[in-house]
Amino acid sequence: MDTKGSPPTHTITFPEQIVTFELSTYEWSQNLVCVALVDKLVLGSVRFAEENENKCFEWNQLKEIHHKSRPHCVALAPETSLAVIPKMVVIASGGSDFKVRIFSSDLDEQDTVQVLVGHRAYINHVSWDPDGEFLASCSDDNTCVLWKCKEAYEQGPSFFFGSSVLTAKWHPEEPGHLLVAEKSGVIHLYKVHLKTAMLSIETDTNPLSYADWSLNNSASVTAMARGNIFLWDLKNSSWPTENKPLHDECGYVVKFSPHTETIIATIGRPKATLKVMHVKNKLPQIEAKLLLYGGLCWHYQLPYVVAASDRKLCFWKVSI
């Protein structure tokens, strides 16, 4: 086993290093996983003992899709469904050639790809509006671009910043609102239709590497900057309620559990160390050293956190 510390509950092994991956956050595709390898996307479904009659963990690879450049980020669209006939899978990716790609597949014969050109540097994050109106893409060219999903992905409003844009987050309970995080440590909340900033908050250190918006509580925002995690309650103050070191020098990512804003998962140095912890506690519930960082996700319904470690996709069961 290539992880030290808390052993994963389940693992899936791939033929090469996992660059990044995404679990579906939608009911009709909740078992779908998209794994990005160096030149392809692997689509598969995962079933856990909790939802299986035979009480075992199952991985079923469904399809491989060729990707012309190295995929840096992927996101599954809200209209993706394995419950319709024919099946419908729509994925956005950001490639090392600075292009956004929209893949559509019925997991059988029908595959299409649309290439969106507009960025002038690496794309760090792609994110679908839950209402299916926009796709946001964030780049090292200091922009966050919105693409109009219902108008053949025409380029829509763009937001310009003073540093690289690392994440853009939508919230199912806050329609038309977009949280955008800059490398400089500033996080902005926008009303996209008006292109107006509602508020901004800031880390007191940088570079910021990731920011997340709690699905459980839309007033809760977290960010990772250097090795510190920051937490805000937007209802009460623009000052963080928590600011504490969690990783040495550098953290890669922090994500809220979808079930509660009091539990977070992070990955950071030394090497690539996964930590899952209650925000008020000093000691993590789960700590594991990964071989290489390749992404971090929570399952949207079941209490599992998932991280890539080189060629392995590892699942840990979490006590919520």
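Guide: Let us begin with a pair of facing residues: Val 276 stands opposite Ile 286 in strand E26. Please bear in mind that this is a predicted model.

Visitor: In what sense do strands E25 and E26 pair, and over how many bridges?

Guide: In general, the strands of a sheet pair through backbone hydrogen bonds, in either a parallel or an antiparallel arrangement. Here strand E25, residues 272–278, pairs with E26 in the antiparallel sense, over five bridges.

Visitor: Which residues of strand E26 lie on its covered face, and which on its uncovered one?

Guide: In a regular strand the side chains alternate between the two faces of the sheet. In strand E26, residues 286–290, the covered face carries Ile 286, Ala 288 and Leu 290. The uncovered face carries Glu 287 and Lys 289.

Visitor: What is the order of strands in the open sheet of four strands?

Guide: The order is E15-E16-E17-E18, and the pairing is antiparallel. Strand E15 (165–170) and strand E18 stand at the edges with a single partner strand each, so one side of each has no neighbour in the sheet. From one strand to the next, the twist averages 20 degrees. Within this sheet, strand E16 (residues 177–182) and E17 pair over five bridges in the antiparallel sense. His 177 stands opposite Lys 191 in E17.

Visitor: Let us turn to the backbone. Where do Lys 195 and Arg 226 lie?

Guide: Lys 195 is found in the loop between strand E17 (186–191) and E18. Although it is not a glycine, Lys 195 has a positive phi of about 55 degrees. Arg 226 is placed in the loop between strand E20 (220–225) and strand E21 (228–233). Its phi is near 50 degrees, again a positive value in a residue other than glycine.

Visitor: Which residues do the cis peptide bonds join?

Guide: Pro 86 is in the loop between strand E7 (71–76) and strand E8 (89–95). Another joins Asn 206 and Pro 207, with omega about 10 degrees. Pro 207 lies in the loop between strand E18 (196–202) and strand E19 (208–213).

Visitor: Is Ser 93 buried or exposed, and what does it touch?

Guide: Ser 93 lies in strand E8. Since buried means under 20% relative accessible area, Ser 93, at 0%, counts as buried. Its side chain and that of His 67 are joined by a polar contact of 2.7 Å. Not counting residues up to four places away in sequence, Ser 93 touches several residues, including His 67, Cys 73, Val 74 and Phe 103.

Visitor: What is Ser 257 in contact with, leaving aside its neighbours within four places in sequence?

Guide: The contacts of Ser 257 on that basis are Ile 263, Trp 298 and Ile 320. Ser 257 lies in strand E23, residues 251–257, and is buried, with a relative accessible area of 0%.

Visitor: How far apart are Ser 257 and Val 33 in sequence and in space?

Guide: They are 224 residues apart in sequence and 18 Å apart in space, taken from C-alpha to C-alpha.

Definitions and conventions:
Residues are numbered from 1 along each chain as its sequence is written. This is a predicted model: local features need pLDDT of at least 70, side-chain atom pairs count only at pLDDT 80 or more; totals for chains, interfaces and linings use all residues. Side-chain values use heavy atoms; hydrogens and water are left out. Buried means under 20% relative accessible area, exposed over 50%, partly exposed in between (1.4 Å probe, protein chains only). Helices (H or I, at least four residues) and strands (E, at least two) are DSSP runs, numbered from the N terminus. Two strands pair if DSSP finds at least two bridges between them. A polar contact is a pair of N or O atoms within 3.5 Å; within protein, one must be able to donate a hydrogen and the other to accept it, and residues adjacent in sequence count only if both atoms are side-chain atoms. Contact means heavy atoms within 4.5 Å. Axes are lines fitted to C-alpha atoms, for helices over the stretch in contact, and angles run from 0 to 180 degrees between N-to-C directions.
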